[in-house]
Amino acid sequence: MTANNILKKQIIIEIIALLVLIGVIFYAIFAIQKSNTNKIHSTNGFVTVLDDKDFKGLDIYSDAEALEQEGITYTVTNNNKDKKTFKIVIKPSIDNKDVLKHIKISVNDLYVSNLTDLEKENDNYIISTQELKSGYTKNNLIKLWYDLDSPKTITQNKISFKYDIVVQ
Amino acid sequence: MTHKRYYLILITVLSLSVLLLGMSYSKNNNIEIANIDPIYTDNLKILYSNDKEIKNDEELTIGIANKSDKVINYKIFIKEIKGTTKDIYYTLNNESPKLLENNTIVIDSINPYGTKNDYKLNTIKLSSTNNTDTYKIEVMEIEEVQYDSE
């Protein structure tokens with residue numbers, strides 16, 4: 001093989017390697033942007049991560065239909081030195097009972113309830129009470145929807161929700 | 001281009017790729033979604049809050065969704081009892097305890113998919129005098145609802 005051919009071969013390999021690097025840079029940028037949509041919050045030794053990028057907003061569904069939809073992932077990590085009990089709470093942006101009574105909520109695709117049937121604490125609805133060992137992480141899948149009886153005037157309301165934990 | 005320089009550049013480029021790939025992969029996968037794995041029958045999707053086998057006085061929640069376009073009847077029953085106690089009481093959805101007969105806890109129906117009540121939740125607790133008793137609970141589709149005659 002002549003020196004010219006060796007040089008050509010090396011240049012081709014270099015170009016391929018550079019293309020791989022460029023591809024990886026794009027993948028890294030995409031991954032960082034994707035993870036930045038998560039809302040990270042710290043409180044009382046707990047870290048929570050809210051990922052609602054797949055949640056399309058409230059819509060009218062039957063319960064079984066709603067459980068097939070994408071939801072919100074709320075991840076809770078206990079960084080305390082001991083086991084703790086905490087409540088996951090949700091606060092809607094409006095306080096109109098006529099609207100809120102039509103909203104249903106599920107936790108981990110199992111527990112389904114009307115939002116207004118949940119226990120309330122300081123304007124927050126308690127959606128789950130859990131225990132978490134030190135250093136452990138728990139993932140919660142939350143889904144929200146309007147029940148089948150919801151009139152159109154109700155479903156036109158734009159509602160957002162704030163998620164938080166109350167450590168006991 | 002000398003061989004030394006060529007290999008140096010190649011190793012640098014590949015190392016950077018591997019490093020970046022590793023970093024972005026770990027960043028992208030810091031959340032695991034822990035769904036409850038459903039169990040499917042012909043027409044139903046069933047979710048159990050924990051293992052189907054529960055201990056005495058332990059609670060089990062079962063979510064049942066109808067996936068078909070017709071009303072489906074189902075039965076929640078005890079498939080297996082590991083224990084010696086004859087009198088077992090069950091509590092369904094926090095109602096008052098009832099004596100278990102024929103191992104059947106509840107017979108009910110569920111509306112077609114996409115209609116009201118196409119999903120039903122049942123919270124079950126079984127109690128006997130022997131705390132070491134364990135029970136295996138199952139859900140099955142049945143042809144029609146059979147009501148007890150008195």
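**Interface and fold**

Analyst: Chain B and chain A bury about 3200 Å² between them, 65% of it on carbon and sulfur atoms; buried area is the accessible area (1.4 Å probe) that two parts lose on being put together, summed over both. This is a predicted model: local features need pLDDT of at least 70 and side-chain atom pairs pLDDT 80 or more, while totals for chains, interfaces and linings use all residues. Residues are numbered from 1 along each chain as its sequence is written, chains are lettered from A and ligands numbered from 1 in the order written, and side-chain values use heavy atoms, without hydrogens and water.

User: How many residues of chain B are in contact with chain A?

Analyst: Contact means heavy atoms within 4.5 Å. On the chain A side, 36 residues take part. On the chain B side, the number is 38.

User: How many residue pairs are in polar contact across the interface of chain B and chain A?

Analyst: A polar contact is a pair of N or O atoms within 3.5 Å; within protein, one must be able to donate a hydrogen and the other to accept it, and residues adjacent in sequence count only if both atoms are side-chain atoms. Both residues must be at pLDDT 80 or more.

User: Which element gives the most to the side of chain B that touches chain A?

Analyst: Elements are DSSP runs numbered from the N terminus: helices (H or I, at least four residues) and strands (E, at least two). Those giving two or more residues are H1 (3–28), E2 (44–48), E4 (59–66) and E9 (119–127) of chain B. With 14 residues, the top contributor is H1(B).

User: Is B:Ser17 buried or exposed?

Analyst: B:Ser17 sits in helix H1 of chain B. Not counting residues up to four places away in sequence, B:Ser17 touches A:Val20, A:Leu21 and A:Val24. Buried means under 20% relative accessible area, exposed over 50%, partly exposed in between (1.4 Å probe, protein chains only). The value for B:Ser17 is 5%, so the residue counts as buried.

User: What is the radius of gyration of chain A?

Analyst: Chain A has four helices and 10 strands. The radius is taken over C-alpha atoms, and the globule rule is 2.2 Å times the number of residues to the power 0.38. For 168 residues that rule gives 15 Å; chain A is well over this, so it is more spread out than a compact globule, at 23 Å.
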